[in-house]
Structures are given as C-alpha cells and as structure tokens.
Amino acid sequence: MNPLLYLLIIPGLTVAGITLVKDMKQVRLVAAVGMSLQLLWSFVLLYWFYQLRAAGHTEEMLFVSSTTWYEAFNIQYKFGVDGVSMAMILLTSIVTFAGIFASWQVAVLTREFFISLIILAGGVFGFFISLDLFTMFLFYEVAVIPMYLLIGIWGSGPKEYSAMKLTLMLMGGSALLMVGLLGIYFNSAPDGGPLTFDLTEIARIHIPRDAQLFFFPFTFVGFGILGALFPFHTWSPDGHASAPTAVSMLHAGVLMKLGGYGCFRVAMYLMPEAAHELAWIFLILTTISVVYGAFGAIWQKDLKYINAYSSVSHCGLVLFALLMMNETATTGAILQMISHGLMTALFFALIGMIYGRTHTRMIHEMGGLMKVIPFLSVVYVIAGLASLGLPGLSGFVAEMTIFVGSFQHTDTFHRVATLVAASSIVITAVYILRVVGVLLLGPVKNEHFHELKDALWFEKLSGVTLVVSIAAIGLAPLWLSNLIREPLGQMLHHLIN
Amino acid sequence: MNLQSEIPLEYMIVLSTAVFFIGLVGVVIRRNLITMLMGIELMLNAVNINFVAFNHYLFPHRLEGHFFALIVMAIAAAEAAVAIALIINIYRKFSTVSVDDVDELKY
Amino acid sequence: MDYAYTLWILTLPVAMFLTIGLSGDRLKSNAAGILGTAGLAVIAALSWFTAFSYFGSGLPESGFQPVIAAQTTWLAFTETLVIHLGILLDPLSVMMLVVITTVSLMVHIYSLGYMHGERGYNRYYAFLSLFTFSMLGLVVATNIFQMYIFWELVGVSSYLLIGFYYEKPSAVAAAKKAFIVTRFADLGFLIGILLLSFNTGTFDFAALNDMSGSAIAQPVTTVFMGLSVSTWAMLLIFMGGAGKSAMFPLHIWLPDAMEGPTPVSALIHAATMVVAGVYLVARLFPVYHFAAPDSLEVIAWVGSFTSLFAAVIACTQLDIKRVLAFSTLSQIGYMMVALGVSGYGDEGVGYMASLFHLFTHAFFKALLFLGAGSVIHAVHSNLMTDMGGLRKYMPLTHLTFLIACLTIAGVPPLSGFFSKDEILVAAFEHNKVIFAVQWFVAGLTAFYMFRLYFNIFWNSDPHYHHTPHESPPTMTGPLLFLAAASVLAGFVPFHDFVTTDGKPLETEFHTLVAVPSVLIGLAGIALAWWMYARKNSRPESVAQTLHGLYSAAFRKFYIDELYLFITHQLIFRFISRPVAWFDRHIVDGTMNLIGNTTVSVSVAIKKMQSGELQWYIWYFTSGVLVLTLILLYLN
C-alpha cells in the first residue's frame with residue numbers, strides 16, 4: 001500500500017476514534033495521539049524520501065500510485081510527492097500537532113470540534129499528495145467546508161458574518177477554479193486521445209496558447225483568493241478574527257498555503273506561456289499586497305487583525321516570488337510558505353492564549369504582559385522577530401532567498417517591484433515592534449493582570465514545537481532549501497521554455 | 001357537400017384563438033374561482049377546436065385529432081369535477097370564492 | 001598555522017547565551033554573572049592568543065595574508081551565490097577580535113558590580129553573550145552576507161539591551177527607535193548587497209576585494225543615472241554602515257539608546273557595535289577605493305559633517321550619557337573621514353588611522369562610559385546639574401575619567417593623540433576643508449569633554465541625599481585597566497599591522513599638523529576650565545549670546561522632531577490610516593456590496609413569487625407571446 005495513504009488513514013482513524021470515546025478528555029487524548037502519529041509518520045516519510053533519492057530514484061515524483069475512480073472521465077486517485085509537497089506535508093503535520101494542543105481547552109462540543117479540525121487537516125494532506133486535478137479539487141473543498149462550521153460554531157465576535165464571508169469568498173474562488181480546472185481538462189489532449197486530469201501527464205503536453213490565456217486567470221485567481229491575493233484578501237482579517245485559535249492556526253498556517261501551492265503546481269506549471277504573459281499583472285497585485293498588508297497592519301488595534309494583515313503581506317510575498325519564475329525565487333516562495341505557516345500559527349496560538357487570559361485582543365487594553373506572563377511574552381517576541389526577518393529564524397532565510405532570486409531579473413519592472421517588496425521589511429519591523437512595545441513591554445496596565453497564570457504544559461508544548469521548527473529552519477536552512485530546490489529545476493525548465 | 005371549400009382553415013384558427021384568449025383573459029382578470037374555471041374550460045375547448053380542425057384539414061384520413069379532442073373533453077370533465085369540489089370546499093372554509101381572499105399558503 | 005580553535009570564540013558565547021537564557025530563574029543570579037564573565041575571559045584569552053599567533057608569526061614577504069580558519073555552507077541561492085558561514089582572520093578582523101573581547105570582558109566584570117541586585121540579572125548576561133556572539137560573528141565574516149546576518153543579530157541584541165528596563169516606556173521607545181532606524185538603513189545595505197552580488201556573482205570578500213580578478217569590472221562600467229552601478233551599490237552599503245554607526249541623518253537613535261544600562265552603552269553604543277559601519281567600509285575598502293571612489297568622497301563628507309554636528313550638540317547637553325553619545329558620533333565621524341580620504345597601499349594612511357582611532361577610541365570611550373556609569377551609580381542621576389565636586393568622594397573614578405578626557409582631547413602622549421593626529425594628517429593631505437573642520441572639532445571635543453569633567457568632578461557640590469561613595473572593585477578594576485589601555489594603546493605599532501594591503505606602512509610625524517591640533521585641544525580645555533571649573537554665570541551668558549545656535553543645538557537641531565513628523569504624521573496618519581480605511585471601506589466594502597446586492601436582488605424578486613396564479617399566467621402568456629413575436633421577427 002502506498003505509504004502516503006497513511007496520511008489520510010491516520011486522520012480517518014482518529015476521527016473514528018473520537019466518535020467512539022466517551023468524554024472530552026478522551027476525545028482530545030485520541031486527537032493528540034492521532035496527530036502525533038501523523039507528525040511521526042511525516043518524518044518517517046521524509047526519511048524514506050531521502051533514502052529513495054539517495055538510492056538513485058530520480059523520477060519526478062516518488063511513492064506514486066494510481067487507482068481509477070471514475071473511468072468515464074478518466075478521474076483517478078493518483079498520489080505522489082516531490083520535495084516541495086514533502087515540505088508542505090511536514091509543515092501541515094507540525095501545525096496540526098501544535099493546533100491540537102492549542103485547542104486543548106475547547107469545552108463546547110469538543111468532539112465535533114476535533115472532528116471538524118481533523119477533517120480539515122485531512123483535506124489539506126490529501127491536497128498536497130494528490131496528483132490528479134480532480135481529487136486535488138475534491139480535497140481542497142474538503143479542507144474549506146469544515147472551516148464554515150468551525151468559525152460559525154466555535155468562533156467569537158461576529159462569527160456568522162465572518163464564517164459566511166470567508167466561505168462565500170473561498171467558494172467564489174472554487175467556482176473560478178472549477179472553470180479553470182475544467183478548461184485544463186478539456187484541453188488536455190489537443191491532439192486527440194483521452195482527456196486527463198493527471199497533473200504530471202498534462203505537464204508533458206502543451207495546452208494551446210489561447211486556452212492558456214483564457215483559463216490561467218481563472219485558475220490563478222481561484223487559488224489566489226485562498227492565498228490572500230489583493231484585492232481578494234478581505235475574508236482573511238474578518239475570518240481570522242472570528243475563528244477559534246486552532247482554526248486560525250490551521251487556516252493561516254496551512255490552508256492559505258494551498259493557494260500558493262496551487263498557483264504554482266497547477267496554474268503556472270500547467271500553463272507556462274500564459275504565466276509568462278500575464279505575470280506582470282499579478283506581480284503588480286502581489287507587490288501591492290506585500291506593502292499594503294504591512295501598512296494596513298500598522299493601524300490595526302486588534303491583535304488578530306494585525307496578524308491577518310501581516311499574513312496578507314507575507315502571503316503576498318509568496319505569490320510575488322512565484323511570479324518571478326526562477327529557481328531561487330521559487331525556492332524562496334516555498335520557504336516563505338513554510339516559514340510563514342509556522343510563525344503565523346505560532347502568532348495565532350499565542351494570541352489565543354493571551355486572549356484566554358486577558359479576555360481582550362485590543363492591544364491598548366493590555367500592556368506590560370512581559371512581567372506577568374513571561375513565557376508567552378518571550379515566545380511572542382520570538383515569533384515577532386521571526387516575522388520581521390531576524391537571522392537565525394526562518395523568516396530571514398525565506399525573505400532573503402526571495403529577494404536574491406527576484407533580483408536576478410535585470411529589467412526595471414522586476415527590479416522596482418523587488419525594491420518595493422523589500423521595503424516591507426522595514427514596515428514589518430514597525431508594526432511588530434509597535435505591538436511588542438505596547439502589548440508586552442512597559443508598565444503593567446491592568447491590576448488584574450498580576451493574577452494571570454503563565455502558560456500551561458500543553459500551551460508550552462504547542463509553542464515550543466513551533467519555535468523549535470522555526471529555529472531549526474532558521475539556523476540550518478540548507479537541507480530544507482535543497483529539498484525544495486531539487487524538483488524545481490525540472491519544473492522551472494518546463495516553465496521557462 | 002364539401003365543407004373545405006366553404007370555410008377556410010383560417011376561420012377555424014381565428015375562432016379558436018379568439019376563444020382561447022377570451023378564456024385566458026377570463027382566467028387572468030376575474031377573481032371569481034367559478035369564472036376562472038369557466039375560462040379554463042374555454043381554453044380547453046379552443047384547443048379542441050384546433051385539434052379537430054387541423055385533423056380535418058391536414059390529415060383527413062386519420063383520426064388522432066378527433067380522439068385527442070375526446071380525451072381532452074374527458075379530462076376537462078374530470079378536472080371540472082375536481083375543481084368544483086375544491087371550490088365548494090374553499091367556499092365552505094372561507095365563505096368566498098374570490099382568489100384574492102384565499103392566500104393562506106402564501107409566504 | 002591551524003586556527004581551527006577560533007571556532008570556540010564563536011561557539012562559547014552561543015553556549016553561554018543558551019545556558020543562561022534557557023535556565024531562566026533556576027540559575028542563581030551571581031552564578032549567571034560569573035558564568036558569563038568566566039566564559040568571556042576564555043574567549044578574550046583565545047582572541048589574544050589568536051592575535052599573538054597571527055601577528056607574531058612574523059611578517060611574510062607579501063604582507064599579512066587573510067586566513068580562512070573555518071568555513072561551512074549555510075545556504076545556497078544559486079550555484080555561485082552561496083552564503084558561507086566562516087571565520088576569516090586577517091589583520092582587520094584579528095584587531096577587532098581583540099578590541100571586542102577585551103572591552104566586552106571589562107564590561108562583563110564591571111556589570112557584576114553595576115547590575116548587582118537588578119531584576120533580570122540573568123537576562124542581562126544572556127543578552128550580553130548574544131551580543132558578543134553576534135559582534136564576533138560580524139567581524140570574522142568571510143562574506144558580505146554573513147556580515148549582514150550578524151549585522152541584523154547585533155541590531156536585535158542592541159534592541160534587547162536598550163530595552164532592558166522594559167517597564168520604562170522611554171526605554172521601550174528608544175529600543176524601538178534604534179531598531180527601526182537601523183532597519184531602514186539595513187534596507188539600503190540589503191539592496192546594496194543585492195546589486196553588488198548580482199553584478200559580481202559572489203558574496204565573498206576575498207573575491208570582491210581582489211582587484212586583479214574580474215568580479216568587480218562589470219559593475220564599474222555599467223552606468224545607471226549618472227553613477228556606475230558599483231558606486232550605487234557601495235553607497236547603499238554605506239547607508240547600512242551609516243545606520244549602524246549613526247552617521248547623520250541616521251544618527252537619531254544613538255542618543256536615545258542611552259536608555260539602556262550604562263555598561264551596555266559602553267560596550268555596544270561606544271566601543272563595538274557602532275563602529276561596525278567603519279568596519280564595514282574598511283572591510284570593503286579596496287572595492288570602495290578602486291570601484292567606487294565617488295562614494296568614498298561622500299563618506300568623507302558625511303563623516304566630517306557628522307563629527308562637527310554632533311560635537312556642537314554635545315556642548316549643550318545636560319545628560320552626561322548623551323554628551324558621551326554625541327561624542328561617540330563625533331569620533332566615529334573622524335573614523336569615517338579618515339576612510340574617506342584614504343588612498344591605497346603606500347597612501348593608505350587614512351585607512352590605518354581610521355582603524356587606529358577605532359582601536360584607541362574603543363578603550364577610552366568605554367572608559368568614559370564606565371566612568372560615567374560609576375558616577376551615575378553613586379548619585380542616581382544622569383544629569384550633570386545633579387553632580388559636582390565628586391573628585392573628593394570618588395578618587396579612582398575621577399582619576400580614570402580624567403585620563404579618558406585627556407585622551408579624547410588628544411593630549412600627547414596618550415593614545416588619542418596618536419590616532420587623531422594620523423587622521424588629521426590624512427585629511428590634511430587630501431582636502432584642506434575637511435582638515436579644517438576636523439581640526440576645529442578637535443577643539444570642540446576637548447571643550448565638551450572637559451565641560452563634562454568639570455561639571456561632574458569640580459564645580460560646587462549640589463546637596464546629595466546621601467554621600468556618594470566610590471564604586472566597588474569590580475567596577476573600578478575595569479576602569480583602571482581601561483585607563484592603562486587608553487594610555488598605552490598609542491604606542492602599539494599599529495601601522496605595522498593593520499594596513500590596506502597587509503604590508504607595513506611608513507608614517508612620519510607632521511609637526512605642522514600635530515602642534516596646532518594639540519594647541520586647539522588645550523584651548524578647549526582652558527575654555528572649559530574658565531567656564532565650568534567653579535560655579536559662575538559664564539555658561540549662561542555664553543548661552544545668551546549664542547541664543548539661536550544654543551537652543552537649536554540643545555534641541556539637537558530638531559532632527560528628532562522631523563523624524564517624528566515623518567513617521568507619525570506622514571507614514572502613520574497619511575499612509576497607514578488611509579490604507580486601513582481603504583481596506584475596510586473600499587475593498588471590503590466592494591465584497592460586502594456584492595453580498596448585499598445579492599441579498600437585495602433576491603428580496604426584490606421574491607415579490608414575483610407571489611403565489612398568485614393569475615399573475616403567473618399573465619407572466620407566462622406574455623413571455624410566450626413575446627418569444628413568439630421574436631421568433632416571427634427573426635424568421
């Protein structure tokens with residue numbers, strides 16, 4: 001059996017287990033065990049992956065297996081991974097693991113909460129291992145739909161509004177995406193022969209230029225909405241603000257990465273000519289995203305809004321780098337996805353924990369938290385430093401790779417875009433330090449804060465997992481960079497010619 | 001005697017159209033259920049005229065049109081029976097046969 | 001010679017940082033301090049050992065050659081653009097190692113006394129270790145990107161240490177300001193690196209500085225907006241250096257950075273980190289000299305202006321640490337000037353002088369700060385108006401402070417005299433205007449330093465709440481050591497060691513330069529004595545006479561206000577706020593509009609679903625009729 005399937009089977013069994021056990025304690029225990037296994041299995045897969053590569057398996061995808069699902073339309077369950085998807089799987093399992101512990105204290109409908117959360121995670125895993133456009137889309141929907149319930153039921157604030165907005169905008173994206181995918185499908189055999197949804201096979205053929213130009217925007221924007229492409233990013237601040245902690249973590253940390261991954265794997269990879277011709281439009285949009293998100297974050301007062309805008313900026317950088325279409329920038333984009341996934345998950349986890357103590361997310365109502373909850377505050381500072389690109393943490397590696405890569409273009413347009421995007425590192429420093437200054441430093445603002453308790457064991461576990469991952473990438477980035485870079489050469493060759 | 005030479009098809013069509021629209025107008029503008037039912041009957045009869053007329057003029061050696069007219073009549077009779085039963089019930093319940101007053105199911 | 005042991009110089013501080021940082025409160029605070037200090041003593045010993053074995057191995061024919069002691073690949077961008085982490089030993093970096101570890105060791109020892117009993121003692125030592133690590137990593141960088149990495153790390157350790165008293169809002173604001181201003185400068189640095197590395201295809205200093213190689217040839221000839229690409233790149237890189245070294249107009253963070261604990265100011269904001277900009281320019285000096293001579297000219301003028309500007313402000317400040325901070329600015333300006341006017345090879349007096357001054361300055365400025373710390377420790381105030389007559393109470397501090405003041409004033413035969421003299425010689429040979437400015441600044445320096453000295457140690461006693469007393473030996477010990485270093489550092493045959501090309505440089509004594517510079521220094525001291533040695537009304541009357549200049553200088557020429565205007569008014573209010581508004585109301589508004597339109601349209605057409613059969617018939621028939629007519633028309 002394909003070892004990748006365990007990535008779907010483990011969540012499935014976990015969900016089954018959750019339905020069987022009795023109370024809240026057992027539910028979260030089962031969830032924690034399941035997701036720990038999943039994390040473990042991801043590392044096993046990574047090791048295995050390296051072994052196979054070392055043993056001389058140089059094919060594009062490893063662990064490939066395929067089962068026909070619906071013969072009439074040539075739809076298959078086809079699974080396989082390369083370095084990029086391997087990295088994304090690792091990210092997903094780490095964030096999910098941390099997410100489970102961050103939601104340790106969900107008391108309302110615990111069982112249903114964990115079930116939805118794990119289904120969501122399962123959808124994401126399915127997406128990353130799929131090589132068939134149809135199943136990819138299927139898992140994409142599986143990942144998006146539970147979000148509505150998770151926000152609508154366990155959220156806070158105007159949760160119905162936010163959940164509706166998020167779901168509708170993402171569904172709008174799916175609709176565009178569906179058009180794009182069907183467009184690809186119906187052009188997948190320009191010389192006659194059976195149509196196919198198989199990603200690797202479509203990559204080998206040449207979709208007619210007119211069809212590419214028509215369907216590329218659908219696909220790119222469809223995925224781009226999930227990747228918070230300006231101006232389709234507004235679900236993100238409201239959605240994140242209302243979502244419960246673990247959902248924000250998974251959503252910003254992992255689900256938004258589906259967008260970037262899809263943009264690259266599907267839109268750009270399969271329609272290279274259109275990507276080349278239309279890149280400039282999206283480059284402008286993403287450059288705006290990067291700076292605009294950062295400026296937007298300066299003025300926010302709610303912690304989650306700050307982080308949501310910061311996500312817009314950072315995810316903008318992902319798409320920005322992808323559109324640069326060279327090996328270094330693309331490596332940077334994937335690194336940025338992982339780095340942002342980890343640190344934004346950490347941010348949302350911390351915001352949830354702080355909110356759980358102070359019952360407010362308005363930064364001006366808090367202050368001096370460093371003194372009362374030092375552990376959480378220190379971790380927050382670390383997350384902030386990662387976000388503003390401090391060397392030794394993951395953000396630096398990703399951003400530098402992106403900027404060096406984008407700078408390989410010599411024309412004025414790309415150069416100016418790069419400079420504008422690079423200037424975001426200063427703006428990021430401004431809003432991060434503003435939050436750190438107001439929230440954590442200074443005198444303790446509220447007398448009651450002296451009674452606050454610092455992080456509990458599960459919160460520490462959640463935070464430390466993410467911090468360690470961030471530092472591991474930041475201190476020794478070469479292995480990850482090589483893992484990601486290895487398949488890109490061939491893919492970009494395809495993209496550039 | 002050959003009817004065909006005396007009355008052209010157009011006359012028949014004009015007649016049936018007239019009957020049909022009289023029936024239609026009756027259904028649309030009248031509020032009395034009984035009158036509306038009569039309008040529907042008129043429309044059905046207009047259709048019957050068409051059936052018979054076309055059958056006679058276009059396919060004189062076949063009988064499907066005639067049969068169909070008979071079926072329509074039978075259905076119309078059944079329909080009238082059901083409709084009148086409904087109308088009586090409505091009258092018993094609401095003490096009126098005006099459609100405007102029977103809007104309990106709306107919204 | 002195998003220098004692999006130098007790896008310990010980098011790994012030990014990290015180990016200390018992690019040990020002290022992660023153990024948190026479980027470690028007794030004294031233990032943390034002693035551990036940190038002991039670790040640093042080992043590092044300093046290793047550095048000295050390195051220096052002796054490097055310089056002591058005898059001068060080879062072709063001058064001192066750089067040695068790569070260790071190297072590993074950290075990240076590969078492309079085949080050629082690879083970031084290595086390594087240790088480069090050459091005269092420049094070895095000299096810096098000695099300076100940093102020595103001053104850092106003194107600061108560590110000093111802090112044992114100064115920080116005694118403070119909350120967060122452990123945190124303090126952890127941050128100091130982090131800083132030491134970053135700074136050492138910076139100076140031994142083998143390539144420009146490694147330098148950038150550690151450059152950012154020193155920035156953040158500086159942030160953490162300035163904001164050490166994190167409950168004090170002014171400290172938090174100062175830390176933030178320092179970080180953001182230097183970050184802005186680093187953006188320039190980064191873009192400079194991108195430009196340079198893209199055009200040369202390498203990050204390595206060895207390849208960049210190799211003038212016989214072809215790496216730098218292409219960007220020199222490519223012209224962009226009137227300047228060659230190499231000039232642009234080097235100017236942008238200098239922007240990074242200017243931010244870290246607080247050159248005008250990026251100097252505003254340094255005076256505020258004095259909110260940090262005083263030993264930190266001595267270590268980071270006087271002796272080591274702020275000279276990183278000088279180090280950066282010196283490190284890339286061949287590139288500057290051969291590929292971008294125009295940018296050297298800019299550096300000279302910026303340095304010169306900053307030194308004058310800061311010296312004028314220093315004459316008016318009341319906070320003793322701020323006086324020292326502006327003095328630091330001014331002295332770094334000297335170093336920049338010297339680099340800017342320097343030639344290469346036999347004409348590299350300026351380069352040598354700049355680093356010589358960096359070397360001596362590190363000792364006497366650290367001494368000044370630590371002395372000031374000792375004073376502050378005694379009187380619990382930063383303001384010189386709260387001080388006076390302290391020479392009676394604190395004899396050791398007084399003596400060492402006096403030595404430091406004489407050194408910075410350039411009185412022979414103290415070290416400051418030698419290094420400043422070399423700078424003036426270099427400037428004299430290059431540009432007479434710059435020379436005149438620097439000569440005048442030398443006088444100003446003597447004046448403001450002795451203004452400080454007389455105000456603290458002479459003048460009249462204010463009413464102390466409790467009698468000030470001399471600091472403990474952990475604090476006076478480093479003072480004495482640094483005083484000795486300040487006296488003796490001038491006799492180090494620096495021109496034999498640190499030169500542009502590694503070969504010894506012949507320097508000669510210029511009476512024409514030395515005599516006037518000593519004279520103006522003495523004049524400055526005399527003026528300060530006249531005004532401040534005893535309490536009198538002369539300072540007020542002078543301030544009255546120079547009213548406009550005085551108040552402008554007192555307000556630091558309103559640069560802070562200008563920055564505040566730009567950041568708060570322009571960026572926050574006129575960019576950020578409209579962006580936030582635009583996003584909420586226009587972009588999000590559009591999305592909501594789409595949603596609301598859907599809802600209102602459905603509300604509107606809901607009416608059509610009335611349940612009234614007659615209307616349905618009506619719609620239906622009219623539809624059929626219209627369709628029929630259309631079909632008829634089409635046919």
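Which pattern does chain B follow when read along the sequence? I began my notebook with that, keeping in mind that this is a predicted model. Going along the sequence, I read chain B as α-α-α-α. My tally of its elements came to 4 helices and 0 strands.

**Entry on the spread of chain B**

I looked up the radius of gyration next and found 18 Å for chain B. The globule rule gives 13 Å for 107 residues, and the value here is well over that, so I noted chain B as more spread out than a compact globule. I then took the spans of its C-alpha trace along the principal axes, and they are about 55 × 25 × 25 Å.

**Entry on burial and contacts within chain B**

I asked what share of the 107 residues in chain B is buried, and I got 12%. For contacts inside chain B, I kept those between residues at least 6 apart in sequence; 46% of these join residues at least 24 apart.

**Entry on the neighbours**

Which chains have the most contacts between them? Of the 2 pairs of chains that touch, I found the most contacts between chains A and C. Chain A and chain B are joined by no contact, and I noted 25 Å between their closest C-alpha atoms.

Methods: Residues are numbered from 1 along each chain as its sequence is written. Chains are lettered from A and ligands numbered from 1 in the order in which they are written. This is a predicted model: local features need pLDDT of at least 70, side-chain atom pairs count only at pLDDT 80 or more; totals for chains, interfaces and linings use all residues. Two residues are in contact if their C-beta atoms, placed from the backbone, lie within 7 Å. Helices (H or I, at least four residues) and strands (E, at least two) are DSSP runs, numbered from the N terminus. The radius of gyration is taken over C-alpha atoms; the globule rule is 2.2 Å times the number of residues to the power 0.38. A residue is buried if 20 or more other C-beta atoms lie within 10 Å of its own, exposed if 12 or fewer, and partly exposed in between; C-beta atoms are placed from the backbone.
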